[in-house]
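Dear colleague,

Here is the structure I said I would pass on. My notes on it follow below.

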Amino acid sequence: MTSFGDLLGPPPTLLTGDDEAESDLLNGADPAAVAAEHPTASVAWAYLAEASLDGATDGAEPDTGRVIAAYAYARTGYHRGLDQLRRHGWKGFGPVPWSHEQNQGFLRCVGALARAAAAVGEEDEHLRCLDLLNDSDPRAITELGLD
C-alpha cells in the first residue's frame with residue numbers, strides 16, 4: 001500500500017521545482033524580483049501571496065486591497081503550478097505530497113488562495129481549494145494552518 005493508501009491510484013506527482021528561484025528566496029531576495037525573473041516558479045508567487053495576506057485579516061475588517069493582491073498572486077502561482085503538474089504527468093487528480101519540498105510552492109499557493117477567497121466571502125472557491133489540498137495530501141491543510 002502506498003503512503004496515500006491506494007495501490008490502484010496514480011503515483012504521487014513530484015515536481016522538479018526551480019532551484020535558482022528557491023535559492024534566491026531562501027537567501028532573502030525580494031519575492032517580486034524573483035517572480036519577475038522566474039514567473040513559472042510557484043514558490044515565488046506563494047511568498048508574495050502569503051506576505052500580502054500577513055496582517056490583512058487581523059482586524060475586524062480585512063484590508064481588501066491586500067487580500068485581493070494576495071488572491072491574484074496565489075491564483076497566478078496556482079495556475080503556474082497546474083502547468084508544471086501536467087507536464088509531470090498529473091491528470092487532474094492523485095497525490096501531490098507535501099513532503100516533497102518542490103511541491104510546496106504549488107500547495108502554498110492553493111492554501112493562500114483558500115485564505116484569500118474566505119476573506120472576501122467566496123466560499124465556493126475556499127472549499128474547492130481545501131478539497132484540492134485534501135485530495136493532494138491531507139497533511140498540507142495542517143501544514144498550512146487551515147484545519
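Contact here means heavy atoms within 4.5 Å. By that rule, and leaving out residues up to four places away in sequence, Leu-85 touches Thr-13, Leu-15, Trp-90, Val-96 and Phe-106.

This is a predicted model, in which local features need pLDDT of at least 70 and side-chain atom pairs count only at pLDDT 80 or more, while totals for chains, interfaces and linings use all residues. Residues are numbered from 1 along each chain as its sequence is written, and side-chain values use heavy atoms, with hydrogens and water left out.

The cores: a nonpolar core is a set of buried Ala, Val, Leu, Ile, Met, Phe, Trp, Tyr and Cys residues joined through side-chain atoms within 4.5 Å. Buried means under 20% relative accessible area, exposed over 50%, and partly exposed in between (1.4 Å probe, protein chains only). The largest core has 30 residues, and the members that touch the most others are Tyr-78, Leu-85, Phe-106, Leu-107, Val-110 and Leu-133. At least two residues each come from helices H3 (42-53), H4 (64-87), H5 (104-119), H6 (123-136) and H7; helices are DSSP runs of H or I, at least four residues, numbered from the N terminus. H5 gives the most, 8 residues. A second, separate core has 11 residues, including Leu-25, Val-43, Ala-44 and Trp-45.

Asp-147: this residue lies in the segment after helix H7 (138-143). Asp-147 counts as exposed because its relative accessibility is 68%. Its side chain makes a polar contact of 3.2 Å with that of Thr-142 (a pair of N or O atoms within 3.5 Å; within protein, one must be able to donate a hydrogen and the other to accept it, and residues adjacent in sequence count only if both atoms are side-chain atoms).

Regards
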